[in-house]
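Here are some friendly notes to read alongside the model. Please have the viewer open and follow the points in order.

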Amino acid sequence: GSNYCGSGSSSEPAPIVVPTGCTISDVYTHPLAERHFVLCENGRLYAAGLNSNGNLCLGHKFTAPSLNQVTLPAGKSLRRVVPGKEHTILVMTDGSLYGCGAAAAGEFGAGVQSLTSPTPLSLGTLPAGRNIRQVVAGTKTTYLLLDNNEIWGAGSNENGRLGLGTTTSASTFTLIPQPADATTAVELSVADATLGVRYSNGDVATCGLGTHGLNLNSLT
């Protein structure tokens with residue numbers, strides 16, 4: 001099988017070789033994408049795995065069987081990594097967003113329908129005065145949960161996965177309507193082509209592939 005464990009040339013399970021001086025702070029991966037990222041306590045980011053679209057943010061498109069350091073944008077500190085299936089979102093401590101990899105349907109939210117970048121690219125801007133509570137990424141989609149309870153999305157809207165009431169894709173971050181009786185959105189989750197939202201009263205709303213529909217609809 002493919003090696004994406006950052007342990008060298010072997011495709012069998014093996015201990016990850018952590019770079020010298022790195023005390024691991026967090027590890028990020030995606031269940032459908034054979035790659036992962038290691039964030040160190042000193043702020044450095046390392047990546048390993050499949051990289052055909054440049055989604056390891058290493059500046060090239062070659063597979064990395066062992067951990068390689070990612071060059072972060074100048075003057076930026078990383079808060080977390082959000083791997084999608086073919087793209088990766090970097091969330092900075094100042095709230096800015098960067099992306100790398102393949103954005104074939106506008107999932108970078110940068111106003112461009114199809115874009116590939118092996119280095120971190122500055123993404124679309126947030127509504128003025130708003131901060132990000134959560135970012136999730138799926139198959140050709142990126143979703144933002146903001147501090148005012150709004151949910152914004154960009155990318156493919158096939159099967160209505162953006163919850164906009166249509167199947168028209170969005171290359172800029174677009175406000176997603178929520179159920180009229182929705183309480184505070186607690187958490188977003190994404191499974192391939194379906195978006196799920198968990199609310200503070202225990203309700204769950206979904207949209208996208210299957211019977212979930214073109215809008216966020218409550219399941220409870």
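1. Lys76 and its partner. Let us begin with a side chain that is partly exposed: Lys76 has 24% relative accessibility. (Buried means under 20% relative accessible area, exposed over 50%, and partly exposed in between, with a 1.4 Å probe and protein chains only.) Lys76 forms a salt bridge with Asp94, and their closest N and O atoms are 2.5 Å apart. The pair ties together parts that are 18 residues apart in sequence, because Lys76 lies in the loop between strand S4 (64–70) and strand S5 (78–83), while Asp94 lies in the loop between strand S6 (87–92) and strand S7 (97–103). Asp94 is partly exposed too, at 48% relative accessibility.

2. Ground rules. This is a predicted model, in which local features need pLDDT of at least 70 and side-chain atom pairs count only at pLDDT 80 or more, while totals for chains, interfaces and linings use all residues. Residues are numbered from 1 along each chain as its sequence is written, and side-chain values use heavy atoms, with hydrogens and water left out. Helices (H or I, at least four residues) and strands (E, at least two) are DSSP runs, numbered from the N terminus.

3. Salt bridges. How many salt bridges does the count come to? It comes to four, where a salt bridge is a side-chain nitrogen of Lys or Arg within 4 Å of a carboxyl oxygen of Asp or Glu. Among them is the pair of Arg161 and Glu158, at 3.5 Å from N to O. Arg161 is buried, with a relative accessible area of 5%, whereas Glu158 is partly exposed at 48%.

4. A strand-to-strand pair. Arg198 and Glu187 also meet in a salt bridge, at 3.2 Å from N to O. Arg198 belongs to strand S14 (residues 194–199) and Glu187 to strand S13 (residues 185–191), so this pair ties together parts 11 residues apart in sequence. Arg198 is partly exposed at 38% relative accessibility, and Glu187 is partly exposed at 37%.

5. The open sheet. Four strands form an open sheet in the order S9-S10-S11-S12, with antiparallel pairing. Strand S9 (132–137) and strand S12 (170–175) are at the edges with a single partner strand each, so one side of each has no neighbour in the sheet. Two strands pair here if DSSP finds at least two bridges between them. Strand S11 (residues 151–155) pairs with S12 in the antiparallel sense over three bridges, and Trp152 stands opposite Leu175 in S12.

6. First disulfide. Two disulfides are counted, a disulfide being a pair of cysteine sulfur atoms within 2.5 Å. Cys22 is joined to Cys40, with an S to S distance of 2.0 Å, and the link is left-handed, with -95° about the S-S bond. Cys22 lies in the segment before strand S1 (24–30) and Cys40 in strand S2 (residues 33–40), so the pair ties together parts 18 residues apart in sequence. Cys22 is buried at 11% relative accessibility, and Cys40 is buried at 3%.

7. Cys57 is joined to Cys100 at 1.8 Å from S to S. The torsion about their S-S bond is about -60°, so this disulfide is left-handed. The pair links distant parts of the chain, 43 residues apart: Cys57 in the loop between strand S3 (45–49) and S4, and Cys100 in strand S7. Both Cys57 and Cys100 are buried.

8. Cysteine pattern. With bonded cysteines counted along the chain, the disulfides follow the pattern 1-2, 3-4. One further cysteine to look at is Cys207, buried at 0% relative accessibility.
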